Amino acid sequence: MGRSRSTVNFLRIVMSTPLPRLGHPDLVFGLGLRTVHYTHILEEEPDIDWFEIISENYMDSQGRPRHVLNRIAERYPLVMHGVSLSIGSTDPLDHTYLKKLKKLAAEIKPHWVSDHLCWTGVAGKNTHDLLPMLLTEHSLNHVIERIRIVQDVLERRFVFENPSSYVGFTGSTLTEWEFLTRMAVEADCGLLLDVNNVYVSSRNHEFDPEEFIDAIPANRVVQIHLAGHTDCDTHLIDTHDHPVIDQVWDLYRKAVARCGPVSTLLEWDANIPPFPDLHAEVLKAKHQLRPESERVKEPGEDLAKTDSSSVPHPLHHNKVEVQ
Amino acid sequence: MKHNDLDRVQRWMHAVITHPDGIVAGADADKARELLDAGAGNLESIVTRSTHLTAAERLAIYGNAYYSRLIDCTGEVFPVLKRTLGEEVFNGFVFGYLQNYPSTSYTLHHLGRNFVGYLSETRPEDAQWSDFLIDLARLEWEIYDVFDGPGLEEKESFEFESLLEIDPARWLNLRFKTAPCLRLLTTKYPVNNHYTLVRGTDEAIEIPFPGPEPENIAISRRDYVVRRYHLSLPQYVLLTELQKGEPLGIALESCADAAQNDPSINLEHDLTNWFSYWSSEQSFFENISGESESQFS
């Protein structure tokens, strides 16, 4: 019996191996651009390789955030990272949002534009959270079709991140890594591999995180996210307010071994330290990529923050300056 | 039965995690049961459990985060109101607000846009203090909106001297294009003073609600920082008329009417000072035009 047309198509796409990182550059070690660091960055021009911005914080901005961004864009490479595309929602795509996203990208010229494999709301309501997908063939086709529309509108390949998740659905028929792999290959998009999210989800859903890393299409990984999480004993929560722990560094090394050098970003969204401290934290990634004999372990590195009352990291919000 | 209808699962999960009384009440509510008739007793037919957490406990992570995150974000938009009310009372107001006005926007910047309206709609009829809270919320929303809205920073600034270069015979027909960031408020309570007082006082010190006293306020922005100005009633009337697009002559008539009962105001003398000051602040006017709409600056 011959293969179905869709299977042949799938195999054909898999066989045509894309360039590493889909041809995007390795921007090396970057940080998320946060309001509290604006003044330091503008005055000190720190020697950071690149910044990631939250797209929604700038797409409507006509005040200081946008002014600062324009100045930073003159000096540093940028990438755009969104939280509201809601690619997995059954609501229609928001074309006003896409138009604004495209306009911002045209103006600040990021190396790539990313968001999350998730849905943020339905029936016109936005929870401003990254909600987990029901992982089925139908969901996969739904997401692939929408990614193609987004990529057509934006006239660029999009990049999608694996979010942390806290629930799974009995109706799911695919693993997250199967879903991500087929989505990336069939929609011809990139992946933002958040290794902390892989670890958090692996603990919450009781799977082997290395199986996840081994399965994803390495050449489609355009960027890696690192972050800290909170151990609530019965589950982990992605809080972005703590240093990266040893187990996540292990996954990071494994990911880099599979994907090759790839732009790496440290996320920190609550209790944000001074810029130099955060910069030092992301540079630990460089240290972590050295051979084991050259790595010095710092006390407490393998410990996650413990707090049973944590909630997932807040979505970033611009702070007002007023006299 | 395994539930695999994407739309139903999403609508069901949304209904459950946003229910104000929690996951169990949300799952048992008609809204959720009409989508997936599981109820709280059968949540694990839809959501898997883990070794350590039940389906309800796992869903509660999203449920708790929903209100917690959006209440925190709203508190960042109304920080002085939050401090004035105390965190618990403020959070209670926002909790009610989010149930009546859930976010429908891609951006958190729109989250607080109906809060003033919500406070007005739910205002107790016999509670005067609620007018103070509504006034304070209005002030904070305008400050927030002005901060990231359009401004004059990238434009050539309006100079008072450009007004003096125009033939005085034409002044009464001049129209002032006010700055896009200029907001004019009149309040029943002195909320601008209260705002200054709260921000300049240690958080441990409780500041009482002020008594009623009308206040006129201009909010604008220069160098990307929001500025607040106390206005006299004639100043407020004059700027309001100019903002509406009325020619200077009409605006001055209204201003003179407003100044009639205020012996401290000498319009002939004060007007020059006012326009000179507003021009120097570079946050009130964008340009001026004559009847032909040609721009002078």
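Q: What lies over the face of A:Y76?
A: A:R75 does, at 4.4 Å from the ring centre. A charge sits over a ring if NZ of Lys or CZ of Arg is within 6 Å of the ring centre and within 35 degrees of the ring normal. This is a predicted model, where local features need pLDDT of at least 70, side-chain atom pairs count only at pLDDT 80 or more, and totals for chains, interfaces and linings use all residues. Residues are numbered from 1 along each chain as its sequence is written, chains are lettered from A and ligands numbered from 1 in the order written, and side-chain values use heavy atoms, with hydrogens and water left out.

Q: Which residue forms an aromatic pair with A:Y76?
A: A:F51. The pair is edge-to-face, 5.0 Å centre to centre with 80° between the planes. Rings of Phe, Tyr and Trp (its six-membered ring) pair if their centres lie within 6.5 Å; planes under 30 degrees apart count as stacked, over 60 as edge-to-face and the rest as tilted.

Q: What does the pair tie together?
A: Parts that are 25 residues apart in sequence, because A:F51 lies in strand β2 (residues 50-54) of chain A and A:Y76 in the loop between α3 (64-75) and β3 (78-81) of chain A. Helices (H or I, at least four residues) and strands (E, at least two) are DSSP runs, numbered from the N terminus.

Q: Is A:F51 buried or exposed?
A: Buried, at 0% relative accessibility. A:Y76 counts as buried too, at 5%. Buried means under 20% relative accessible area, exposed over 50%, and partly exposed in between (1.4 Å probe, protein chains only).

Q: How many aromatic pairs over all chains?
A: The count comes to 34. There is also one aromatic cluster formed by B:F158, B:F176, B:Y229, B:W274, B:F275, B:Y277, B:W278, B:F284 and B:F285.

Q: Next, the cores. Which residues touch the most other members in the largest nonpolar core?
A: A:F51, A:M183, A:L193, A:V195, B:W12, B:M13 and B:L59, out of 108 residues. A nonpolar core is a set of buried Ala, Val, Leu, Ile, Met, Phe, Trp, Tyr and Cys residues joined through side-chain atoms within 4.5 Å. Another core, of 74 residues, lies apart from that one and includes B:Y66, B:V77, B:L185 and B:F275.

Q: What is A:L193 in contact with?
A: Leaving aside neighbours within four places in sequence, its contacts include A:N162, A:V198, A:F212, A:I213 and A:A255. Contact means heavy atoms within 4.5 Å.

Q: Zoom out. How many helices and strands in chain A?
A: Chain A has 10 helices and 13 strands. Of its 323 residues, 61% count as buried. Residues 24 or more positions apart account for 80% of the contacts in chain A with a separation of 6 or more.

Q: What about helix α5 of chain A, how many residues?
A: 18, covering residues 137-154. Helix α5 reaches 26 Å from its first C-alpha to its last, close to the 26 Å expected at 1.5 Å a residue. That expected span is 1.5 Å times one less than the number of residues.

Q: What do the buried residues of α5(A) pack against?
A: α4 (95-108), β7 (159-161) and α6 (176-187) of chain A, together with α1 (6-17) of chain B. Among the buried residues are A:L140, A:V143, A:I147 and A:L154.

Q: What comes just after α5(A)?
A: A:E155, with a positive phi of about 55°. Most residues other than glycine have a negative phi. A:D233 also has a positive value, near 75°. That residue lies in the loop between β10 (230-231) and β11 (236-237) of chain A.

Q: Is A:D233 buried or exposed?
A: Exposed, at 63% relative accessibility. B:Y224, with phi near 70°, is buried, with a relative accessible area of 9%.

Q: Back to α1 of chain B. What does B:H14 contact?
A: A:W119, A:V122, A:K125 and A:T127, leaving aside neighbours within four places in sequence. B:H14 is found in helix α1 of chain B and counts as buried at 9% relative accessibility.

Q: And α8(B), how many of its residues are buried?
A: 17 of its 20, so the helix is mostly covered.
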